[in-house]
Amino acid sequence: LIKLNTAIISLSADIDAYKFGQAIHTLYDFVWHDFADVYIEHAKTIETEETKQVLSYTLIQILKLVHPFMPFITEEIYADLPLPDKKLLMIEAWPVSQP
């Protein structure tokens, strides 16, 4: 989750500075190299409720981060998630880093 926080901080700063290419690069690196290569591969060996919660939380944060760049796809994926009391992704709060 530290890498997710780092990605959120970096991505938010890049978007605020209109550095959209760098923002997408940061997001790509996190999703591909950290989430897919590390989080998911590690989760295959440890199937606990905590692991599922971390994966679910991280996926939702990723969808929120990707949404400005791919709104139709992320909205469709988000709509299919079995979440209680969910709204449209486009009106969800932007992710903030956790201490």
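## Burial and the model

A residue counts as buried when its relative accessible area is under 20%, as exposed when it is over 50%, and as partly exposed in between, using a 1.4 Å probe and protein chains only. By that rule Asp34, with a relative accessible area of 17%, is buried.

A word on the model itself: it is predicted, so local features need pLDDT of at least 70 and side-chain atom pairs count only at pLDDT 80 or more, while totals for chains, interfaces and linings use all residues. Residues are numbered from 1 along each chain as its sequence is written, and side-chain values use heavy atoms, leaving out hydrogens and water.

Asp34 sits in helix α2, residues 20–43. Helices here are DSSP runs (H or I, at least four residues), numbered from the N terminus. Setting aside residues up to four places away in sequence, Asp34 touches Lys3, Asp29 and Tyr39, where a contact means heavy atoms within 4.5 Å.

How many salt bridges does a search of the whole structure find? There are two, a salt bridge being a side-chain nitrogen of Lys or Arg within 4 Å of a carboxyl oxygen of Asp or Glu. One joins the side chains of Asp34 and Lys3, at 3.7 Å from N to O. This pair links distant parts of the chain, with Asp34 in helix α2 and Lys3 in helix α1, 31 residues apart. Glu41 forms a salt bridge with Lys44, and their closest N and O atoms are 3.0 Å apart. Glu41 is partly exposed at 41% relative accessibility, whereas Lys44 is exposed at 54%.

## The nonpolar cores

In soluble globular proteins, nonpolar side chains tend to be buried together. A nonpolar core is a set of buried Ala, Val, Leu, Ile, Met, Phe, Trp, Tyr and Cys residues joined through side-chain atoms within 4.5 Å. The largest one here has twelve residues, including Leu4, Leu11, Phe30, Phe35, Tyr39 and Ile62. Helices α1, α2 and α3 are the elements that each give two or more residues to this core, and α2 supplies the largest share, five residues. Apart from it lies another core of five residues, among them Ile60, Leu63, Tyr78 and Leu81.

Leu11, one of the residues of the largest core, touches Ala23, Ile24, Thr26, Leu27, Leu65 and Trp94, not counting residues up to four places away in sequence.

Which residues of α4 are buried? They are Thr74, Glu75 and Tyr78. These residues cover an arc of only 100 degrees around the axis, so they lie on the same side of α4; the arc is taken from the directions from the helix axis to the C-beta atoms. Their cover includes α3, residues 49–66. On the other side of α4, Phe72 and Asp80 are exposed.

Ile73 is also found in helix α4, and at 47% relative accessibility it is partly exposed.

## Two positive phi angles

Most residues other than glycine have a negative phi. Tyr18, however, has a positive phi near 60 degrees. Tyr18 is placed in the loop between α1 (2–16) and α2, and is exposed with a relative accessible area of 65%.

Asp85 also has a positive phi, near 55 degrees. Asp85 is in the segment after α4 (71–80), and its relative accessible area of 78% makes it exposed.
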